[in-house]
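I opened this model to look at its helices and its cores. My notes follow in the order I looked things up.

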Amino acid sequence: LAGLLEAGLPAISLAADGAVMSAISNDIGPGAIFAQQVMALGFAGDVLLCISTSGESENVINAAITAKAKGMAVIGLMGPDTSTLSKYCDVSLLAQGRSTAQIQSAHQVLYHDLCKDLEAWLIDGAGQRAESKYGTSSAEFRTDKSLMGESTKWRAWFRSSLPACHI
């Protein structure tokens, strides 16, 4: 059995529980569906990954605000322009595209690349902090047609921050 099990990190999708989302929407309002969950489940040092094509989704912005207030790191995947959400992100990944479909396709590449890097960190890196010349300060990185090459910058930030954070 031990040879079959893999290392992992605790991760929670805030969009997976329809009953919780419905209750929060009915009792507080739809703008709080993610913020209330961050308030209940998030801890200082955790990481919140926010995905919003426009970067203007009220419920996602409120979650980011709540996360920052709790001392969490916030990574945002957004469209090509800076937005309200980007103001609350430690790292803003701005996907280039003229349409929702193009932006969301870029988000898929970035999301899967992030998962691949997390897995490599868990398996190959044994949780070692990677050296990064980018540091852990707020930064904005734009993606373009060569998403994989551009993602090196945010990967370096993420790897340098990961050991201090819980996912």
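Which residue follows α3, and is its phi positive or negative? I found G71 there, with a positive phi near 85 degrees. I note that the model is predicted.

I then looked at the other end of the list of helices, α1. G29 follows α1, and its phi is positive too, near 140 degrees. At the start of α1, I found a side-chain oxygen of D17 within 3.2 Å of the backbone nitrogen of A19.

Next I went back to α3. This helix has 12 residues and spans 16 Å from its first C-alpha to its last, close to the expected 16 Å. I listed its buried residues: V60, I61, A63, A64, T66 and A67. They pack against α2 (35-41), β1 and β2. I reminded myself that residues three or four places apart in an α-helix point the same way, because there are 3.6 residues a turn.

Then I looked up the largest nonpolar core, which has 20 residues. Those with the most contacts inside it are F34, V38, L48, C50, A67, V74 and L85. At least two residues of this core come from each of α1 (18-27), β1 (47-51), α3 (58-69) and β2 (73-78). The most come from α3, which gives five.

Leaving out residues up to four places away in sequence, F34 touches L14, A15, M21, N59, V60 and A63.

Last, I noted another core, apart from the largest one, with seven residues. Among them are V47, I75, L77 and V91.

Note on methods. Residues are numbered from 1 along each chain as its sequence is written. This is a predicted model: local features need pLDDT of at least 70, side-chain atom pairs count only at pLDDT 80 or more; totals for chains, interfaces and linings use all residues. Side-chain values use heavy atoms; hydrogens and water are left out. A nonpolar core is a set of buried Ala, Val, Leu, Ile, Met, Phe, Trp, Tyr and Cys residues joined through side-chain atoms within 4.5 Å. Buried means under 20% relative accessible area, exposed over 50%, partly exposed in between (1.4 Å probe, protein chains only). Helices (H or I, at least four residues) and strands (E, at least two) are DSSP runs, numbered from the N terminus. Contact means heavy atoms within 4.5 Å. A polar contact is a pair of N or O atoms within 3.5 Å; within protein, one must be able to donate a hydrogen and the other to accept it, and residues adjacent in sequence count only if both atoms are side-chain atoms. The expected span of a helix is 1.5 Å times one less than its number of residues.
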